[in-house]
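Subject: A structure for you to look at

Hello,

Here is the structure I promised to pass on to you. Please open it first, and then read my notes below with the model beside you.

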Amino acid sequence: MSRLGLILSHDENDHPFVTTFAYEQGLRPLYEQIGCTLVEVAARGSIAGLPVMLIVDEEGLYKEHPYRNRAANDLAATLTGNAAYALNLPLVGHAVLLYDTGEDWRGFTSDELAPLIAQLEHDGFDCIVPKVA
């Protein structure tokens, strides 16, 4: 069964968006998507009744030109109930949203992805993903 992760990023005009990437397990795909060599869990919570975790570059603030990821900060504020994320924008660079198993993480199944995307779109996130039946 194919599983997907969500990547929160922005385009060349600084417009935030959310899209998918194939993700089964492991750190290497996260390093490639985020563009880093060390990740950290920035926030945990639930969306559409699904346990999720937001993963970011552990050393993102140390990069030469870090960009403030508004989508990731807004989502972290929602997941944690901490408005400081939305106000201070501490999360930088690409971020990945995955299913939180409690012990680890994994990609979303298509059945999990559909309500997740619907909730993100309802909450005002610009999701550029194929509609899942």
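**Helix α4**

Let me start with helix α4, which covers residues 110–122. Its 13 residues reach 18 Å from the first C-alpha to the last, close to the 18 Å expected at 1.5 Å a residue (the expected span is 1.5 Å times one less than the number of residues). Helices here are DSSP runs of H or I with at least four residues, strands are runs of E with at least two, and both are numbered from the N terminus.

Before going on, a word on what you are looking at: this is a predicted model, in which local features need pLDDT of at least 70, side-chain atom pairs count only at pLDDT 80 or more, and totals for chains, interfaces and linings use all residues. Residues are numbered from 1 along each chain as its sequence is written, and side-chain values use heavy atoms, with hydrogens and water left out.

Which residues of α4 are buried? They are Glu112, Leu113, Leu116, Ile117 and Leu120. Buried means under 20% relative accessible area, exposed means over 50%, and partly exposed is in between, with a 1.4 Å probe and protein chains only. Viewed down the axis of α4, these buried residues fall within an arc of 120°, so they line one face of the helix (the arc is that of the directions from the helix axis to the C-beta atoms). As background, an α-helix has 3.6 residues a turn, so residues three or four places apart point the same way. Asp111 and His122, on the other side of α4, are exposed. After α4 comes glycine 124, with a positive phi near 95°.

**The nonpolar core**

Leu116 turns up again in the largest nonpolar core, where Leu54, Leu75, Leu97 and Leu116 are the residues with the most contacts inside it. This core has 28 residues. A nonpolar core is a set of buried Ala, Val, Leu, Ile, Met, Phe, Trp, Tyr and Cys residues joined through side-chain atoms within 4.5 Å. The elements that give two or more residues to the core are β1, β3 (39–47), β4 (50–57), α2, β5 (95–100) and α4. Which element gives the largest share? That is α2, with six residues.

**The cavity**

The model has one cavity of 30 Å³ or more, and the largest cavity holds about 30 Å³ of space. On a 1 Å grid over the protein atoms alone, a cavity is a set of points where a 1.4 Å probe fits but cannot get out, and lining residues have an atom within 4 Å of a point. Grid points are joined across faces, edges and corners, and a volume is the space filled by probe spheres set on the points.

The lining of the largest cavity consists of Ser9, His10, Asp14, Pro16, Tyr67, Arg68, Asn69, Arg70 and Ala71. By type, the lining residues divide into three nonpolar, three polar and three charged. In this grouping Ala, Val, Leu, Ile, Met, Phe, Trp, Tyr, Cys and Pro count as nonpolar, Asp, Glu, Lys and Arg as charged, and the others, Gly among them, as polar.

Arginine 68, one of the lining residues, sits in the loop between β4 and α2. It is partly exposed, at 41% relative accessibility. Its C-alpha is 4.5 Å from that of valine 92, although the two are 24 residues apart along the chain.

**Some single residues**

- Alanine 48 is in the loop between β3 and β4. Its phi is positive, about 55°, although it is not a glycine, and its relative accessible area of 38% makes it partly exposed.
- Leucine 89 is in the loop between α3 (84–88) and β5. Here too phi is positive in a residue other than glycine, near 50°, and leucine 89 is partly exposed at 21% relative accessibility.
- Phenylalanine 108 is in the loop between β6 (105–106) and α4, and is buried at 0% relative accessibility. Its C-alpha and that of threonine 20, 88 residues apart along the chain, are separated by 9.9 Å.
- Leucine 30 belongs to helix α1 (residues 28–34) and is buried, with a relative accessible area of 0%.

Key: On a 1 Å grid over the protein atoms alone, a cavity is a set of points where a 1.4 Å probe fits but cannot get out, and a pocket is an open set with protein on both sides within 12 Å along at least five of seven lines; lining residues have an atom within 4 Å of a point.
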